[in-house]
Structures are given as structure tokens and as C-alpha cells.
Amino acid sequence: MSKTITIDGKIIPFEEGQTIMDAAMAAGIYIPHLCHQPEFTPHGSCKLCTVKVNGRNCSACTFPAMDGQDVLSETEELIDDRRKITQMLFVEGNHLCPGCEKTGNCQLQAVGYHLNMLDNHFPLFYPDREIDASHPDVMIDQSRCIFCTLCVRASQQKDGKNVFAISGRGINKHLIFNAESGLLKDTALEATDQAAHICPTGAILIKRTGYQVPIGERIYDHKQIDQVSLASSGSRPDEALPPSLAVETEHVKHGE
Amino acid sequence: MANKIRVATTSLAGCFGCHMSFLDIDERMLQLVEVVEFDRSPLTDIEHCTNCDIGLIEGGVCNSENVHVLREFRNNCKILVAVGACAINGGLPALRNHIPLEECLNEAYLDGIGVENPQIPSDIELPLLLNQVHPIHEVVKIDYFLPGCPPSADVFWKFLTDLIEGREPSLPYELVHYD
């Protein structure tokens with residue numbers, strides 16, 4: 001007999017070794033997340049995927065599925081927690097969407113939309129963070145980094161390069177680049193690397209591509225992140241990806 | 001009609017883009033003024049608001065006058081609404097929050113390219129700039145938020161018709177944009 005968990009009362013099968021997030025995505029159930037991508041080691045840092053497992057809060061992306069677990073996800077309390085977490089992510093950085101190239105393709109923004117987040121609630125922090133525009137093809141604005149470490153993991157696990165790391169703690173936490181000079185241009189990063197495309201926010205941008213797709217025609221202008229996330233994880237193969245997503249995920253072939 | 005719903009609007013550190021977007025409700029404005037009358041607003045030139053039901057605030061707070069106007073609205077409006085990205089998070093004007101005020105003034109009025117007769121404006125009539133631009137919820141209690149740069153005409157329409165018809169205002173997915 002196959003093992004199952006229940007998510008919001010729905011019985012979901014899972015295989016040994018899967019996390020709650022894996023089982024949910026395979027069953028076509030979306031749990032909001034930003035720091036998680038199925039092909040990378042889970043990190044469990046953004047806390048958006050917080051679910052209640054047998055009465056206790058856990059990160060769905062790191063918590064192993066176990067037979068008979070009772071998981072609550074779409075409760076009013078958890079949705080409210082997720083909205084608060086998203087608001088904190090917004091006020092901690094400088095997330096001014098109208099002036100950001102990533103707007104409309106940004107997962108942080110899309111999660112805000114999904115949660116019907118209409119305000120920031122908290123006082124804004126306006127941190128001073130650096131921009132590194134030294135690389136010929138890639139720009140990094142630390143103002144928008146949410147420390148999800150997806151670029152760190154992608155560089156190590158897919159690109160085999162180890163370009164990125166997170167350094168410092170608390171208010172001083174920031175992304176660092178693996179070069180003597182500390183500058184992005186002196187790292188091994190190329191615009192075709194997966195690490196250059198994995199950023200869920202507008203922190204890592206490919207130069208000269210930001211407005212190829214006009215605002216208003218971008219991924220989350222027309223599709224909710226739950227549809228996009230499940231479609232790209234392959235759990236709903238019937239759901240065709242929007243053309244703008246195809247543009248977004250395609251690794252840029254560079255050289256004007 | 002007696003007892004029309006009284007609406008006041010203003011733009012603080014904003015560009016009036018939200019007001020322009022509000023006017024994009026086009027002919028629906030005629031339906032609106034059947035039940036609504038405008039108090040203090042750039043649309044009326046009334047200088048101070050008194051006993052209003054709804055106050056729509058565009059823009060964040062960047063100077064002392066903005067603070068006074070915002071407090072006047074809070075004291076005179078039953079429902080106060082933050083309209084647009086700048087009211088909600090400071091928006092474009094908040095880009096100066098990373099630069100000391102003195103440097104901003106020097107660049108704009110003394111050292112900038114093409115500045116003639118360089119001098120920092122100091123007329124007593126001019127409101128003093130705040131050190132940083134702030135979203136309005138940091139200054140007064142805000143009841144509702146309409147995100148967008150600007151919020152579309154449909155956002156204004158949905159919000160106001162919800163309120164006027166006695167429903168709790170809500171914005172469906174397709175009306176929520178931060179850009």
C-alpha cells in the first residue's frame with residue numbers, strides 16, 4: 001500500500017525521500033515559496049512555504065513527508081503569516097516595482113499578488129545596498145536580494161563555478177562574489193549560467209534584455225504564480241507555458 | 001441630492017499620475033457625481049477639507065507641508081486611502097533616501113550640469129524638506145491601500161463602488177499591480 005499524507009484534507013501519495021513540498025507539487029498543489037526550486041537542495045530560508053504539520057509550523061520545502069501526516073496550508077492564519085513574511089521581505093530591501101526591470105516577471109511581486117498583499121504594513125527600512133555593474137552582461141542590485149541563495153546553489157550545483165556566497169549576519173548580510181577584487185566582472189560568471197537567471201527578484205539582471213517583453217505582457221501580468229509554478233514543475237503538463245515565460249527561462253544566447 | 005458622499009483628494013510627493021488615472025474612469029464620472037461630491041481636491045480648488053467621508057491620498061511625504069496636509073485629511077476624513085506606489089512605499093521620490101539631503105540640494109541647485117545662478121532656494125514660503133521620503137502609513141493611520149503606478153481606473157471604480165454600495169472593498173487578482 002502506498003504511503004499518503006493529507007494536505008488541507010486532500011489525500012496525497014508520496015514516495016520515500018520526498019518533502020512535503022515535493023509531494024504537494026507532484027499532486028498539483030501549490031504552496032507559496034521563493035527560495036525553493038525543485039532541482040536544487042532545499043534551503044528553507046524564505047519561510048513562505050510554512051505549513052502546519054500535525055499542529056506545528058514547518059517549512060514544507062525541507063520537511064520530509066511521512067505516512068499519515070496531517071498538513072494544513074491554505075488556512076486563514078497561514079495565509080496571513082505568508083502575507084506578513086512577504087511584507088517583511090519588501091520593507092527590508094528596496095523593492096520599488098515601477099522602476100525595476102524585473103517587474104511582471106518577479107516571483108516576489110507575484111507572491112504578493114497571489115496573497116492579495118496591498119500594502120507594506122511595516123515601516124520601510126530603505127537599506128543602503130550596493131550595485132555591481134562591472135560585469136559586461138550581468139548586473140546585480142543588492143537592494144533586491146532576499147538571500148534565497150538560489151544563485152549560490154545554481155552556481156555550485158549546475159554551473160560548477162561557485163561564483164556566489166552570502167556573507168555577514170543580520171543587517172550586514174549580503175551577497176558576495178568569488179573574486180580577489182570582489183567584483184562580479186572578475187568572477188567566472190557568464191550570462192548563460194543558470195545562476196544568472198535563477199533570481200526570483202530583480203537582484204540579478206541580464207543587461208540589455210530588461211524591456212524585450214513590454215510591461216503588461218509579462219508572466220505574472222496574466223497568470224498567477226501557482227499556475228506558472230506548477231506548470232514549470234511539470235505537474236500539469238496540459239498547462240502550456242505562456243510565451244513570456246519561455247523567453248524568461250531560455251538561457252540568453254549572448255553576442256549582439 | 002442631499003447627503004452626497006463627500007470625497008477629498010490630494011497629491012503629496014506624487015506626480016498627479018494617480019489623479020489622471022482616476023479621471024480615466026471617463027464617463028463613469030457622471031455616475032459617480034450622482035452620489036459623490038468633491039471637497040478639497042485639485043479638481044475643485046477647495047483649499048481645506050471638512051467632514052469628508054473618503055480621503056484619497058496620492059504620493060508619499062517629503063516635506064513639512066505634506067505632513068500638515070496628511071494630518072488635515074486624517075482629521076477630516078472617516079476613511080483614508082493610500083493611492084498608488086508612492087503613498088504606499090515612497091516610490092520614485094524615495095530614491096533620494098539613500099543620498100544625504102544636502103548632497104541632493106547641492107546637486108540640484110549648485111553643482112548640477114546646466115545650473116545657472118546657483119543658489120539653494122530658501123524662501124520662507126517654501127516648506128522644509130524632510131531628511132527622507134516616507135510612505136503615508138508611517139505618519140497617520142491608513143484604512144485602505146490601492147497599489148499601482150498608477151492604480152488603473154478600474155481599481156478606483158471597484159474600490160469606490162464597493163464603498164458606496166456598502167461592501168467591504170476588495171481588489172481581485174487582475175486589479176492588483178505594483179507597477
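Chain A splits into domain 1 (4-74) and domain 2 (80-249), with bounds that come from an automatic or database domain assignment. Keep in mind that this is a predicted model: local features need pLDDT of at least 70, side-chain atom pairs count only at pLDDT 80 or more, and totals for chains, interfaces and linings use all residues. Residues are numbered from 1 along each chain as its sequence is written, while chains are lettered from A and ligands numbered from 1 in the order in which they are written.

**The two domains of chain A**

- The C-alpha centres of domain 1 of chain A and domain 2 of chain A sit 23 Å apart.
- Where they touch, domain 1 of chain A puts in 17 residues and domain 2 of chain A puts in 24 residues; two residues are in contact if their C-beta atoms, placed from the backbone, lie within 7 Å.
- On the domain 1 side of that contact in chain A, there are ten nonpolar, six polar and one charged residues (Ala, Val, Leu, Ile, Met, Phe, Trp, Tyr, Cys and Pro count as nonpolar, Asp, Glu, Lys and Arg as charged, and the others, Gly among them, as polar).

**Chain A overall**

- Chain A has seven helices and ten strands (DSSP runs: H or I of at least four residues for helices, E of at least two for strands).
- Its C-alpha trace spans about 55 × 40 × 40 Å along the principal axes.
- The radius of gyration of chain A is 18 Å, which agrees with the value near 18 Å for a compact globule of 256 residues; this radius is taken over C-alpha atoms, and the globule rule is 2.2 Å times the number of residues to the power 0.38.
- Buried residues make up 43% of the 256 in chain A (buried means 20 or more other C-beta atoms within 10 Å of the residue's own, with C-beta atoms placed from the backbone).

**Chain B overall**

- Chain B has six helices and seven strands, and along the sequence they run β-α-α-β-β-β-α-β-α-α-β-β-α.
- Its C-alpha trace spans about 55 × 35 × 30 Å along the principal axes.
- Of the 179 residues of chain B, 39% are buried.

**The largest nonpolar core**

- This core holds 107 residues, and those touching the most other members are I20(A), A24(A), A60(A), C151(A), I57(B), V81(B) and A82(B); a nonpolar core is a set of buried Ala, Val, Leu, Ile, Met, Phe, Trp, Tyr and Cys residues joined through C-beta atoms within 7 Å.
- Domain 1 (4-74) and domain 2 (80-249) of chain A each supply at least three residues to this core.
- Leaving aside neighbours within four places in sequence, the contacts of I57(B) include L12(B), F73(B), V81(B) and I136(B).

Terms used: A residue is buried if 20 or more other C-beta atoms lie within 10 Å of its own, exposed if 12 or fewer, and partly exposed in between; C-beta atoms are placed from the backbone.
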